[in-house]
Amino acid sequence: MHVVSIINYKGGVGKTSLTANLGAELAWRGKRVLLIDLDAQASLTFSFITPDVWRENFENSGTIKGWFDAHDSGSPISLEELVASPARISQRLGPERTLDIIYSHLGLINVDLELATKLGGANLSQAKKNFINVHRRLAEGLRKFSDGDVYDVVLIDCPPNFNIVTKTAIIASDFILVPTRPDGLSTLGIDYLMRSIHGLVKDYNDFVSVDPIDSVEPIEPAVVGVVFTMIQEYDSQPISAQRNYIARVKRDSGLPIFNSYIKRNDTLFADAPEYGVPVVLTSHKNDSHQSVVDGLEEVATEFAKMIGI
Ligand SMILES: Nc1ncnc2c1ncn2[C@@H]1O[C@H](COP(=O)(O)OP(=O)(O)O)[C@@H](O)[C@H]1O
Ligand SMILES: [Mg+2]
């Protein structure tokens, strides 16, 4: 099982759309996929179910927030209990394929405050233990799935920040995938994000090695690459302003860059033609629709090859 965090400090760069479409395409190809919505904005959640369905069935205890809360209240529940299979997706994929999701909650933002109170300690050794225990919570929770060989890939839609909840995703991840728009502000943050991730990984591994805790291993999440989103094409290639940004990131970031990219199409993405179904699984409407789907499929192919599934 490969765990992948989809992350960028910036909001609105297409993290959630990439998570949904990548997950859906891989599931279509027969991979067993779990999506986790770790963003308090819950956009991934509400791209699969309506707020009414969420309120009725998930709000009270069926979200990732409920899982963190239960842990803090001393009666932990298993992540397995939170796994949902959205109805529209199941209809589309059929019984043989698996695209599951763990939904988010608008109150997830408060979980960070709660987790922060668990950090620190009477002495350095206790503080290090607390740091590790708090930060590996999601990794620990996911262990059941990997032990049971339940999924081929877990995609975590991260919030646009580097709070403790986000850090639990990084610590749980084998891979990091960075979507970005080809503009100055969006690409500026990549370098800073990478430094934050390296800093976190280094602290975690230092603490693990200095004061070993049973079955806690050092981690080494690898950057799968940068995927450009919302690309505007002219003559079957990105317009020249966007090509310049892509070239700059290729040159300066030192990170792998996907050859394929996600095309911009406001109608298709802003207003999914079939509610609850990611664009990549919607039926052919016209040539521009097909061209967006082709791009998404190419990104999925590149991604699968890079993580080895
Ligand atoms: N390729 C695209 N073309 C046009 N609009 C897009 C595309 N990808 C995402 N969007 C829209 O842009 C907004 C932000 O996308 P989203 O995936 O939610 O980004 P993030 O998760 O990084 O905040 C949403 O309204 C979404 O529908
Ligand atoms: Mg999002």
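Reader: Let's start with Leu-138: which residues does it touch, not counting residues up to four places away in sequence?
Author: Heads-up: this is a predicted model, where local features need pLDDT of at least 70, side-chain atom pairs count only at pLDDT 80 or more, and totals for chains, interfaces and linings use all residues. Side-chain values use heavy atoms, with hydrogens and water left out; residues are numbered from 1 along each chain as its sequence is written, while chains are lettered from A and ligands numbered from 1 in the order in which they are written. Contact here means heavy atoms within 4.5 Å. With that cut-off, Leu-138 touches Leu-38, Ile-64, Trp-67, Leu-79, Ile-156, Thr-168, Ala-169 and Ala-172.

Reader: Which residues touch the most other members of the largest nonpolar core?
Author: A nonpolar core is a set of buried Ala, Val, Leu, Ile, Met, Phe, Trp, Tyr and Cys residues joined through side-chain atoms within 4.5 Å. Buried means under 20% relative accessible area, exposed is over 50%, and partly exposed falls in between (1.4 Å probe, protein chains only). Of this core's 52 residues, the ones touching the most other members are Ile-64 and Leu-138.

Reader: And which helix gives that core its largest share?
Author: Helices are DSSP runs (H or I, at least four residues), as are strands (E, at least two), numbered from the N terminus. The largest share of the core is eight residues, and they come from α10.

Reader: Is Thr-19 buried or exposed?
Author: Thr-19 sits in helix α1 (residues 15-28). Beyond its neighbours within four places in sequence, Thr-19 is in contact with Ile-6, Leu-35, Leu-44, Leu-155 and Asp-157. Its relative accessibility is 0%, so Thr-19 counts as buried.

Reader: How far apart are the end C-alpha atoms of α11?
Author: Helix α11 covers residues 240-252, 13 residues. The expected span is 1.5 Å times one less than the number of residues. That predicts 18 Å, and the end C-alpha atoms agree, being apart by 18 Å.

Reader: What arc do the buried residues of α11 cover?
Author: Those are Gln-242, Ile-246 and Val-249. They sit on the same side of α11, because the arc (taken over the directions from the helix axis to the C-beta atoms) is only 65°.

Reader: What do those buried residues pack against?
Author: An α-helix has 3.6 residues a turn, so residues three or four places apart point the same way. In α11, the buried residues pack against α10 (184-210), β6 (222-228) and β8 (237-238).

Reader: How far apart in space are Val-210 and Lys-10, C-alpha to C-alpha?
Author: Val-210 belongs to helix α10 and is exposed, with a relative accessible area of 55%. In sequence, Val-210 and Lys-10 are 200 residues apart. In space, their C-alpha atoms are separated by 34 Å.
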